[in-house]
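I open my notebook on a structure that is new to me.

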Amino acid sequence: MRRLPTVASHKTPPALSGGIAPRAHDRQTLQSLLTQRNQQPEQRAQIDEAITQAFVRPVAMLVLDMCGFSRITASHGIIHFLALIHRMEHAARPAIAANGGEVVKQEADNLFAVFTHPQNALEAALDILRALDAMNTVQPPESQLLASVGIGYGPTLVVAGKDLFGHEMNMACKLGEDIAGPGEVLLTQAACRDLEPGRYLLYPLQERMGGMDMPAFRYVASLHERPLPGAPISDA
């Protein structure tokens with residue numbers, strides 16, 4: 001039986017000059033280290049290592065974007081759209097928590113969450129979309145909730161409760177906000193690589209970001225019945 005991996009713990013690095021002792025994922029500490037890096041270039045290697053130890057960890061990130069922000073706001077006003085965002089949170093946050101994730105931040109109609117494994121992120125995305133579909137069955141057309149999702153996986157600089165930085169984060173944002181359509185979940189190649197083989201049907205895409213090829217995959221269907229929450233995933 002194979003259990004989903006947990007995030008490795010990080011040792012707190014020793015204090016650098018100026019008495020700065022990094023605390024894992026703290027924004028003030030990051031800002032202090034970056035200031036020191038800019039002011040003391042001879043210590044850049046040591047400071048970079050301190051930042052890496054304190055803030056960088058392998059995570060799967062989920063980027064959710066509500067569809068139709070400009071159209072809905074123009075037609076029904078910002079208060080109506082804020083109410084939709086509030087309803088989206090009621091669908092998304094429980095699904096993220098139930099799949100072992102943590103919401104890092106929410107900006108307007110975008111929500112960002114992290115997980116230890118991309119399979120958790122994908123299952124959370126599917127749960128969110130199912131919850132939105134259920135809500136839509138009792139809502140008029142102007143109150144329908146539609147969302148798109150991008151998922152990435154890899155080393156990421158995580159500022160707890162504040163922000164995420166990294167190549168996979170950039171790609172997940174591109175997929176979720178710019179490329180995925182309503183009700184779609186798109187994953188980076190790195191995220192797909194760590195999914196359980198044979199559990200999902202995925203369609204390959206070839207996108208570009210910043211002039212570079214960006215292999216990605218669209219979720220199509222789940223090929224096996226989902227295990228009970230908290231149950232280990234079998235290698236069989």
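**Aromatic pair.** I checked Y200 and Y219, and both are buried. This is a predicted model. I found one aromatic pair in the structure. Its rings belong to Y200 and Y219, with centres 6.2 Å apart and planes at 65 degrees, so I noted it as edge-to-face, since the angle is over 60. Y200 lies in strand 7 (residues 200–209) and Y219 in strand 8, so the pair ties together parts 19 residues apart in sequence.

**Salt bridges.** Next I counted salt bridges and got eight. I looked up three of them, one by one.

I started with D48 and R37, whose side chains meet at 2.5 Å, N to O. D48 sits in helix 2 (residues 44–55) and R37 in helix 1 (residues 27–39), so this bridge ties together parts 11 residues apart in sequence. Buried or partly exposed: which is D48? At 29% relative accessibility, D48 counts as partly exposed. R37 is partly exposed too, at 24%.

Then I took D163 and K105, which meet in a salt bridge at 2.7 Å, N to O. D163 is in strand 5 (residues 163–165) and K105 in strand 2 (residues 102–107), so the pair links parts 58 residues apart in sequence. D163 and K105 are both buried.

My next entry is R218 with E184, where the closest N and O atoms are 3.0 Å apart. R218 lies in strand 8, and E184 in the loop between helix 6 (167–179) and strand 6 (185–188), so the bridge ties together parts 34 residues apart in sequence. R218 is partly exposed at 24% relative accessibility, and E184 is partly exposed at 23%. I also noted that salt bridges with shared partners join K105, E107 and D163 into one network.

K105 came up again. Its charged end sits over the ring of F112, 4.7 Å from the ring centre.

**Helix 4.** I turned to helix 4, residues 78–98. Its 21 residues reach 30 Å from first C-alpha to last, close to the 30 Å expected at 1.5 Å a residue. Which of its residues are buried? I listed F81, L84, I85, R87, M88, A91, A92, A95 and I96. G100 follows helix 4, and its phi is positive, near 80 degrees.

**Surface.** Last, I looked for a nonpolar patch. L201, Y203, V220 and L223 form one on the surface, with about 380 Å² of accessible area together. L223 belongs to the segment after strand 8 (212–222). I noted L223 as partly exposed, with a relative accessible area of 48%.

Notes
Residues are numbered from 1 along each chain as its sequence is written. This is a predicted model: local features need pLDDT of at least 70, side-chain atom pairs count only at pLDDT 80 or more; totals for chains, interfaces and linings use all residues. Side-chain values use heavy atoms; hydrogens and water are left out. Patches are made of residues with over 30% relative accessible area and no salt bridge: like charges are joined within 9 Å, nonpolar side chains (Val, Leu, Ile, Met, Phe, Trp, Tyr) within 5 Å. Accessible areas come from the Shrake-Rupley method with a 1.4 Å probe; for residues, only the protein chains shown count as cover. A salt bridge is a side-chain nitrogen of Lys or Arg within 4 Å of a carboxyl oxygen of Asp or Glu. Helices (H or I, at least four residues) and strands (E, at least two) are DSSP runs, numbered from the N terminus. Buried means under 20% relative accessible area, exposed over 50%, partly exposed in between (1.4 Å probe, protein chains only). The expected span of a helix is 1.5 Å times one less than its number of residues. Rings of Phe, Tyr and Trp (its six-membered ring) pair if their centres lie within 6.5 Å; planes under 30 degrees apart count as stacked, over 60 as edge-to-face and the rest as tilted. A charge sits over a ring if NZ of Lys or CZ of Arg is within 6 Å of the ring centre and within 35 degrees of the ring normal.
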